[in-house]
Each structure stands twice: as C-alpha cells, then as structure tokens.
Amino acid sequence: MQYLEIRGGKKLSGSVTISGAKNAALPVIAATILSDKPVTLTNLPDVVDIRTLLTLLTMLGGTVEHKGSVAHIDNSSINSHKAVYEIVSQMRASILVLGPLLTRFGECEVSLPGGCAIGQRPIDLHLKALEAMGAEIAIESGYVHAKAPNGLHGAKIIFDKITVGGTENIVMAAAMAKGTTTIINAAKEPEIVQLCEMIADAGVSIKGIGTNELVIEGTDGIPLQFKNVEIIPDRIEAGTYLCAGAITQSEIRLEKVKAEHIRASIDKLESMGFSFDISGDTITIHPAEHIKPVSLITIEYPGFPTDMQAQFMAVAALAEGESLIEERLFENRFMHVSELNRLGADIWLKGSTAAVKGVGTLHGADVMATDLRASSALVLAGLVAEGTTKVRRIYHLDRGYDNLEGKLTALGADIIRKKDTK
Ligand code: EPZ
C-alpha cells in the first residue's frame, strides 16, 4: 500500500496551477451520454474518479480517447444500459449516468451506490424526481431498474433538500424529456452552472441558471450536439492550497482559479487573519500575524462548503483560541477528528459540532485517511507537524487531487510517496 511521508516545518513559496474541477467534470462526462455525436472535453483533472467514469462509458459501449487533461468521447455506439456494481461501488458519482441513460434510451440499470465513510448518502430524491417525470423504478438485487418506454415527460420537481447530484441527474433527464421541467430548490454550485451551460449551448432552453429554480425545455427524445467543454477550475483544490499557505504561514500564489467560486473560504481565512491579493485568475495568500479562531457552518453554495470543512479544521487546530465547526450536510463527516488528534490537535466532538482548541504545535505520527477531503486535511497538518507524518490509505486522495504531492513539492514541501514493502 502506498502512503505519503511528510517532514513538517517547511515554508512554502511560489505558485501552483489549479486543475479542472473533478465535481464539474463528472456530470459533464455523464452528460455526454445525451449525445450521439463526438465531443471533446478539456482541462480534465488527472484523478482516479475521472478515469473510473470514462471506463464506465466504455463499458456501456461508448468510445473514449483520453490523454492527460483531454478526452474525446463518442457515445453514438452505446449498446449497454447497465452501470455495474464493480464501477458504481468504486465511485458514488456513477449514479449520474442514471438520468442521461434513462432519458436517451428509455431504460437502464444502475447499481445502488450504498453508503460511504461520510454518511448514508441516499438517492431517494433522484428516484422520486425521475418517477414524477414518468419513470417506473424498481429496486432489485442491489440495482435501480428504471424504465420509461415512451420517454420521460417534463414535471414540476420540488426537492425536499438541496441535492447537487439530484439536481444534476434531473437537469440531464429533463434535457431530452418531452415538455417543460421546473426544478424548485435546485442546487446552484458552479459545477451545476457548468453542466447547465453545456446543455444550453447545445440548444436546450434552460432558464434560471445559477439560481434555485431551473426551467428546462426538453427535446422530446432528440439527442443533443455538444460544443467542446473546458472544465472550470477546481474550487475545492484551490481552497485546499489556500489552507496549505495558511497552515504553513507562507505566501503562495494560485493560478487559474476563479475567486468568486471560493469566496466563502477566502472570507473565513480573512476572519482568521490572512490577507489576499486577487487579480484576474490568480490569488495570493499572505500569512497572518496570529491565526485567529474561526466559527463556521457547512451549507450549500454559496455558503461554506462541506468539502472544505476538514481542511479548515486542520488550520483551526493551530489557531490562538477555540474554533467551532458545525457540519450540516453529512452526518458522519468527522472521521478526520481522531486522526488530527493523533497529531496533537485538541478537538472535541459533540453531535454535528467540533470544538477545536488551538495548540502551539502538532507532532508527526502515522495517520489514516478516511475520505478524500479528510485525507487532504491530514496532509495539511503533516506540513506543519514537527517530525515525520505518514498518511496511509492515500487512494482516497488519488480519487480527487491531481498530483497533490508533486504540486506541494514544487511549492517547497518535503513530501514523498512511498510503498509499504509488506
Ligand atoms: C456532491 O455530492 C459532491 N460530489 C460532494 O463532494 C459534496 O460533498 C456534496 O455534493 C455536497 O456539496 C460530487 O459532486 C461528485 P448531495 P452529492 O446530493 O451530490 C442528502 C467530494 O469530496 N441527500 O448534494 O452526493 C445527502 O445525504 C465529494 O468531492 C438525500 O437525502 O451530495 C446529503 O446529506 C464528497 N437524498 C445532502 O442531501 C438524495 O437523494 C447533500 O447531498 C440525495 C442527497
């Protein structure tokens, strides 16, 4: 098994280029199923989750040429409508093929994704919305069997809860449905805006892009023809590097980033004493005189993202005073707490709130990554911990961070990937 070995205490400097957003690329890749013409995607991050979803397309019969950050996809040859357990169990986002497969082919089978380390993560809202659009859905032997022999029809969907993946699935399903679909209480993350713009650029009318109410006029079964898509910068990767600058009290510059997408993280870091220069698509973070404690609650965009909660906890572990961090989106997204405490942090957990008492120093130890963002928090802590930190189970990191140790090494960190000989 591979692990990362980090010798803490190095200041960082220089600049880092932010990759394309994994969570924007995944729905964009799924949306290519809506087309029977070739489409080219650029600025894809080089991460395992992207390769997994592209593999799923080829298993469905699509043709994919993928090299570096570019993929040429041709889904005219899809001849299977089944997303098998072996792929879906590797990556929950595979559920995103449900809406496009069903709306284009009138039937599909997608393995149920099951729970994961950060919580139960049901897909009931996806299924309820598809049923409202005329789908017949049965769950059998761990698979969602969905049918709409005469195609899906438009409907008024009111999501009980804001769901990113649910909104994406229904936007894609609605694009080829018959008539108008209105989604109320839609998610409005930048990744959803990118998906809507891709579909709107293919000639589908979508009103309300970037708001909580989307109105989509479907093509009644006619496949779409997409223009090429350049994936937006990864706001969570960008936020993670800002936290790397913050925790090491270093000045670093992020290139190819959209500041408006990471406003919530910048505001919180400002409240902790850090300052920023923002110009065009670059952001420079400057060290704080003293790291002040922070109080934050995770909530849907444009609020503070759950995907940045663990990284901020690592920074808060070194603040002068007590921070309060409340997780409202996922019931179990605190697995990093005990690992940060192994590094000398002082964090108490009660229900969905963590009280983080700042400590003067962290100390290197062996720690275990539990999910993607938790893993990056452990790497951040390792950058400042005295001595050596070994972060194990880094396959979580490889799912979503493009060349993390390469980028950190270029910034001056002492971090190397090693392999257990046992
Ligand atoms: C997306 O997951 C992201 N994944 C997650 O990023 C992110 O943490 C999450 O949105 C919230 O921002 C991708 O974009 C691929 P949701 P998703 O549906 O779509 C509940 C990362 O680290 N819910 O918005 O699965 C759900 O349990 C990952 O990159 C239902 O109850 O999230 C959660 O409590 C992790 N029923 C809340 O809604 C449903 O049918 C929000 O989940 C669907 C969701």
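I began with leucine 130 and, leaving aside its neighbours within four places in sequence, found it in contact with Leu98, Leu102, Ala135, Ile137, Leu152, Ile170 and Ala173, where contact means heavy atoms within 4.5 Å. What I am reading is a predicted model, in which local features need pLDDT of at least 70 and side-chain atom pairs count only at pLDDT 80 or more, while totals for chains, interfaces and linings use all residues. Residues are numbered from 1 along each chain as its sequence is written, and side-chain values use heavy atoms, with hydrogens and water left out.

**Cores**

I next looked up the largest nonpolar core, which has 77 residues, and noted that Leu34, Leu98, Leu130, Met133, Leu152, Val171 and Ile199 touch the most other members. The largest share of this core, 7 residues, comes from helix 1 (residues 22-31). A nonpolar core is here a set of buried Ala, Val, Leu, Ile, Met, Phe, Trp, Tyr and Cys residues joined through side-chain atoms within 4.5 Å; buried means under 20% relative accessible area, exposed over 50%, and partly exposed in between, with a 1.4 Å probe and protein chains only. Helices (H or I, at least four residues) and strands (E, at least two) are DSSP runs numbered from the N terminus. I also found a second, separate core of 71 residues, with Ile283, Ala288, Leu296 and Ala413 among them.

Serine 19 counts as buried because its relative accessibility is 10%, and glycine 20 is buried, with a relative accessible area of 2%. The side chain of serine 19 makes a polar contact of 2.8 Å with the side chain of lysine 407; a polar contact is a pair of N or O atoms within 3.5 Å, and within protein one must be able to donate a hydrogen and the other to accept it, while residues adjacent in sequence count only if both atoms are side-chain atoms. Leaving aside neighbours within four places in sequence, I found glycine 20 in contact with Asn43, Pro45, Ile231, Ile232, Pro233 and Asp234.

**The ligand**

Last, I looked at the 23 residues around the ligand, of which Thr163, Val164, Asp307, Leu329 and Arg373 come nearest, a residue being near if one of its heavy atoms lies within 4 Å. Oxygen atoms of the ligand lie 2.5 Å from a backbone N or O atom of leucine 329, 2.7 Å from an N or O atom in the side chain of threonine 163 and 3.3 Å from a polar backbone atom of proline 122. Taken alone the ligand exposes 830 Å², and the protein buries 88% of that, with areas from the Shrake-Rupley method and a 1.4 Å probe.
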